[in-house]
Amino acid sequence: MSEQINPFVQEDGKKPSCMQMLQIILDEQSTEAQQEYFKAHMDRCMPCFKTYNLDATIKELLKSRCCGGEAPQDLIEGIKQRIDQQRPQ
Amino acid sequence: MEETPRQTYTEQQKNEVFNNEFLPLVHAMYNFAYRLTLDRDDAKDLVQDTYMKAFRFIESFQTGTNAKAWLFRILKNSFINDYRKKSKEPNKVDYQEVETYYNSEDVNRQITADLRVESLKDMIGDEISNALNSLEVDFRTVIILCDLEGFKYEEMAKILDIPIGTVRSRLHRARQLLKEKLSEYAREMGYKNT
């Protein structure tokens, strides 16, 4: 297999660690080339594969369990009232 | 966040911006405030204060830019100024260390956490939420902004007034700490993690 160009290498030539690559992928801040590269990398790197699955599961759980609640109605009414008082009559 | 030129809005435009762009974000704002203060009443006060400030400074907001990031930044600053002072939580975190570690060579060594996907899937109660709440507030904040609210690193850097590199290293450390907490819970649930 010919040496693939690593799309994660930064301008200063510094090669990022597995963990740094994984974070960019997990947080969906990667380019398409980076995703391709990381997919191939995971086939060869068991720790990355396991950690990616674990981190992605935690991220999903956080999203589904820790947000989506509604603000209390009296808070919304309170804000509207106080803003009305600030407006010129 | 870089200073934007002051806008001039008519009263009607102000109302439109406030009602159409700011108010619909009240649920996300309340969730953020609650996760920061961990108290329902404090969260309500914090959100209300934030909206008052947003209305007062509305001419610093440019329509078409990211209202959510703008409001979250005001909320975060209000929290630091008004609430954090009151809290007894001392800042014990050595951020320099967090950053140095993130950029060091041996960062990969800790990549395998002793936590398994199967045990996470069985956490159907408040474990995830409690684990998040147990983190020191600066670590909690980056997870809220990234994982709950989906902000990009660049937006987080602006909301928190820190460099992107610091966002990344802090986020990495926060996730490690969260996993440690979740491993604890998994052990309590009787899972052997290894």
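Predicted model: local features only at pLDDT ≥ 70, side-chain atom pairs only at ≥ 80, totals over all residues.
**Figure 1. Chain A as a whole is built from helices.** Chain A contains 4 helices and 0 strands. Following the sequence from one end to the other gives the pattern α-α-α-α. Chain A has a radius of gyration of 22 Å, well over the 12 Å that the globule rule gives for 89 residues, so chain A is more spread out than a compact globule. The box filled by its C-alpha atoms, taken along the principal axes, is roughly 75 × 30 × 20 Å. Of the 89 residues in chain A, 24% are buried.

**Figure 2. Chain A meets chain B.** How many residues of each chain are in contact here? There are 34 residues of chain A in contact with 34 residues of chain B. On the chain A side, helix 1 (18-26), helix 3 (46-66) and helix 4 (73-86) each supply at least two residues. Which of the helices of chain A gives the most to this side? That is helix 3 of chain A, with 14 residues. Sorted by class, the side of chain A that touches chain B has 16 nonpolar, 9 polar and 9 charged residues.

Figure 3. You will find M42(A) in helix 2 of chain A, which covers residues 32-44. Is M42(A) buried or exposed? A residue counts as buried if 20 or more other C-beta atoms lie within 10 Å of its own. M42(A) has 20 such atoms within 10 Å, so M42(A) is buried. Leaving aside residues up to four places away in sequence, M42(A) touches C48(A), F49(A) and Y52(A).

Figure 4. The domain assignment divides chain B into domain 1 (11-84) and domain 2 (95-188). Their centres, taken over C-alpha atoms, are separated by 25 Å. Where the two domains touch, 10 residues come from domain 1 of chain B and 11 residues from domain 2 of chain B. Helix 2 (26-37) and helix 4 (67-84) of chain B each supply at least two residues of the domain 1 side. By class, that side has 6 nonpolar, 1 polar and 3 charged residues.

Figure 5. Helix 1 of chain B spans residues 11-22 and holds E21(B). With 20 other C-beta atoms within 10 Å, E21(B) is buried. Now look for Q62(B), 41 residues from E21(B) along the chain: the C-alpha atoms of the two are separated by 11 Å.

**Figure 6. Helix 8 of chain B is mostly covered.** Of the 12 residues in helix 8 of chain B, 10 are buried. Among them are V137(B), F139(B), T141(B) and D147(B). What covers these buried residues? The cover includes helix 3 of chain A, together with helix 2, helix 7 (127-134), helix 9 (153-160) and helix 10 of chain B. After helix 8 of chain B comes G150(B), which has a positive phi, near 70°.

**Figure 7. Helix 8 and helix 10 of chain B cross.** The axes of helix 8 (residues 137-148) and helix 10 (residues 164-188) of chain B come within 9 Å and cross at roughly 100°. That angle makes helix 8 of chain B roughly perpendicular to helix 10 of chain B. From helix 8 of chain B, the residues that take part include F139(B), V142(B) and I143(B), and those they meet in helix 10 of chain B include L171(B), A174(B) and L177(B). By class, this contact has 9 nonpolar, no polar and 3 charged residues.

**Figure 8. Two loop residues with a positive phi.** Most residues other than glycine have a negative phi. E28(A) is not a glycine, yet its phi is positive, about 55°. Look for E28(A) in the loop between helix 1 and helix 2 of chain A. E28(A) is exposed, with 10 other C-beta atoms within 10 Å. In chain B, D161(B) also is not a glycine and has a positive phi of about 55°. D161(B) sits in the loop between helix 9 and helix 10 of chain B. With 12 C-beta neighbours inside 10 Å, D161(B) counts as exposed.

Terms used. Residues numbered from 1 in each chain as written. Chains lettered and ligands numbered in written order. Rg over C-alpha atoms; globule rule 2.2 N^0.38 Å. Axes fitted to C-alpha atoms, helices over the stretch in contact; angles between N-to-C directions. Parallel < 35°, antiparallel > 145°, perpendicular 65-115°, else oblique. Contact = placed C-beta atoms within 7 Å. Nonpolar A, V, L, I, M, F, W, Y, C, P; charged D, E, K, R; others polar. Domains from an automatic or database assignment.
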